[in-house]
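Try each one yourself before reading on.

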Amino acid sequence: MAADPRLLQELAAVLGPGLLCSAEACVAFECDALTAHRRSPDLVALPTSVEQVQEILRICRRHAVPVVARGSGTGLSGGALPIAGGLLLVLSRLNQVLEVDPRRGLARVQPGVTNLAVSEAAAPCGMYYAPDPSSQVACSVGGNVAENSGGVHCLKYGLTVHNVLEVKLVTMDGELLTLGAETGEAPGLNLLAAVVGSEGLLGVVVEVTVRLLPIPRRVELLLAAFDDVGRCAAAVGQVIAAGIVPAGLEMMDAPAIRAAEAFARCGYPLDAQALLLCEVDGLPADVDDELARVRTVLESAGATSVRVAADANERARMWSGRKSAFPAVGRLAPDYYCMDGTIPRRHLAEVLAQIAALSKAHGLDVANVFHAGDGNLHPLILFDAGKDDELERAERFGAEILEACVAAGGTVTGEHGVGIEKLGPMCLQFTGAELEAFHALKRAFDPAGLLNPGKAVPTLARCADYGALHVHGGKLPHAHLPRF
Amino acid sequence: MALADTQPGQDLAEALVEQVRDASSRRTPLRIVGADTKRFYGRAVAAEALQVSGHRGVLRYDPAELVVTARAGTPLAEIEALLARHGQRLPFEPPAFGTAATIGGTVAAGLAGPARIARGPVRDSVLGARLLTGDGRVLKFGGEVMKNVAGYDVSRLLAGSLGILGVLLEVSLKVLPVAAGTRTLRRRVDAQAAIDTLVDCARRGLPVTASFWHAGELSLRLEGSRASLDEIAASVGGDTIGGVDAAAFWQEVREHRHPFFASAYPLWRLHLPLSAAGASVVRQDRVVFEWNGAQAWLDGGDRPAIDLVARTAGGHATLFRPVAPGAGDAGEVFAPLPSALLDLHRAVKRVFDPLGILNPGRMYAGL
């Protein structure tokens, strides 16, 4: 794009060397972790202060230039994909932990601080930040707010929305708003709830106050094997029905178990059709009590073996298989699609059976490894994009899985976000009137429609096609990051 | 599903849609009414009543899902009784302020009780909602699953919205199992030391699920396995209150039937950061602290003085009950918003209530 010279001049006056215009510099930001879609940005801004962010947005508003905010670029749904003629606002240099206060139980951080860095800053006080998306070593807190990121401990500790107390948000007009309050009780409407998970369409988050929790005094991990997927899925509901809310409750089916064991040598039972990993944490006496109850429930639910990790080393080894399951499955076929639907837990067995039937019908293998306690499925569809119509079949298969999730009363995205990837499936879940209300809500925050336009909410005209995370050659973007 | 033992419901959604469309066409404001138990809360609304309490019934409840979905007019008491029969409860321990209180009113008021400090505000338990907008659209947001990032999180936006964005038709709420054991401890201690104790408990990860300090006495509630309670109680210290008395005490606190509230007019509610100076800003003889000191109730005082107190501590104040029962109050009830934020509130209201006919002015004048 030949950018307006006045625009460049105004931005350069604010940003100095923090403005990138050359194709060579900009290409590094051409995609997030949804690498199937790439577009090199025309302009990249790397602000180092809140005031700069405000100025940049005022300038872009005056020049009607669309703005895409980006944190670390680890998002899985294309939310940070650059827009033609737009500016990419990279917040990674706003990377200071501003405050950690154990008494008030909070940390105040800039949006470019990584998720894990918050817990590291809080660790000397014996505290941590609970949401733990698998990319936590790299993903930014600002990005977590944009996506309402989850992780493996959501059932007990909630999503990002449950752990953020206050954000400072810059609107497209350059206005700085404070939403929420450190006490968690702010006057007025709960606009913070609408902003968390809004994928950069409502404003740019420039400061986040998160709730810290004391590090649990004791953590235990239990592995239960089953010779039947349905029995394993039913056991998930039985644990919850017994009055237990585990810190984590993860499930893997036979293809995922075998792939993980081959990859990580984590000691999984290779003859099992499914396994559950159940983590409990808290005060020592409570953990003992809960662990005993979980064991009883799982044994009576038909587990063929139940094993508790003897120590921290074995716990880490048992988790390693689960945490390396995506790359492990990635070795089974040249390509895979990762889906992200959530369903009510009571439909787990039924939807897993549907997925198995669809797998036969489409002639494509599938591995399931997912957050069973939350009902958040991550079916990995295996295919080879180099073979005739396998890509199209995989896409149809994925779309049918999301249809099954919606039909079971669930959602097309549990934690990866809509971005550009699930614009089609959004049409399955919402009526035209509901989608119109979302667009109107965006206009209330951003009347000119310049913040990340075209993402997260499909236009009614767009409501036609479906998509999914496409991974080629087993190579995930940010291949060094665990993905689970 | 565990609905065999619930009350028969009644679906008045179509009639409610008709009433709102009719009012919309006449540009006539409506005051949304469940059981009218929280009429005192917020600014007065002079408008025709839209009765929602007949739109009732639990629609879905499966204890293994930790989710209950009910029509908005379902009595809170009916839902709590249903959950209790299955060893579960609403996490946020909401006050009813009257036996007929509805679940819709509970979510719209956004008031959480003593357990809020441990289990979060009303918003945290909201999973989904069906909303009737001011121009008669019926929209569904969120759902019945724990993790859901499709679309803006409008259902949580509705918690505490006081009906200014629409009429709640249905809500889906996360529920939790009741703890195996509970223990209430009481001791004499000044306010600052009480708050310091509670903050220390929170940092140690001790399961304090309610706290109440008044007139030199701290009561706190612990919940957990029976095995851990003895040990924790010994480390925290204080006299143990018997189970029946303790349950009655926390019910009094939750419903404002504790003697402090009987004479507290006007009653102010303050939200205060847990900074070291929090307790020192208020007169100790006319205050109650809850939520480890993050919520204070003040008996009497006028707005300028109270606002000064709240702002000095880095918090804000709400006029919770006006001068005398039923006397009303012409002024603002909630702390004023910065003008840019108030403008955003107006824009958001227009999205869902373009003509401004639902509960106009309940939250702020002109909103």
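Q: In which hand does helix 10 of chain A cross helix 12 of chain A?
A: This is a predicted model. In it, helix 10 (residues 254–264) of chain A packs on helix 12 (residues 312–323) of chain A. The crossing of helix 10 of chain A over helix 12 of chain A is right-handed.

Q: How do the contact residues of helix 10 and helix 12 of chain A divide by class?
A: Helix 10 of chain A brings A:A260, A:E261 and A:A264. Helix 12 of chain A meets them with A:S320, A:G321 and A:R322. By class, the residues of this contact are two nonpolar, two polar and two charged.

Q: Within what arc do the buried residues of helix 2 of chain B fall?
A: Helix 2 (residues 76–85) of chain B has the buried residues B:L76, B:I79, B:L82 and B:L83. An α-helix has 3.6 residues a turn, so residues three or four places apart point the same way. The buried residues of helix 2 of chain B line one face, because down the axis they fall within an arc of 130°.

Q: Which exposed residues does helix 2 of chain B carry on the face turned away from its buried side?
A: The buried residues of helix 2 of chain B pack against strand 3, strand 4, strand 5 and helix 3 of chain B. The face turned away from that buried side carries the exposed residues B:A84 and B:R85.

Q: Is B:G73 buried or exposed?
A: B:G73 sits in the loop between strand 4 and helix 2 of chain B. Its contacts include B:G34, B:V52 and B:T102. A residue needs 20 or more C-beta neighbours within 10 Å to count as buried. B:G73 has 26 inside 10 Å, so B:G73 counts as buried.

Q: Which helix gives the largest share of the side of chain A that touches chain B?
A: The contact takes 71 residues from chain A and 62 residues from chain B. Several helices of chain A each supply at least two residues, among them helix 9, helix 11 and helix 17. The largest share is eight residues, and it comes from helix 17 of chain A.

Notes
Residues numbered from 1 in each chain as written. Chains lettered and ligands numbered in written order. Predicted model: local features only at pLDDT ≥ 70, side-chain atom pairs only at ≥ 80, totals over all residues. Axes fitted to C-alpha atoms, helices over the stretch in contact; angles between N-to-C directions. Helix = DSSP H or I, 4+ residues; strand = E, 2+ residues; numbered from the N terminus. Left-handed = near helix turned anticlockwise from the far one by under 90°. Contact = placed C-beta atoms within 7 Å. Nonpolar A, V, L, I, M, F, W, Y, C, P; charged D, E, K, R; others polar. Buried ≥ 20, exposed ≤ 12 C-beta atoms within 10 Å, placed from the backbone. Arc of directions from axis to C-beta.
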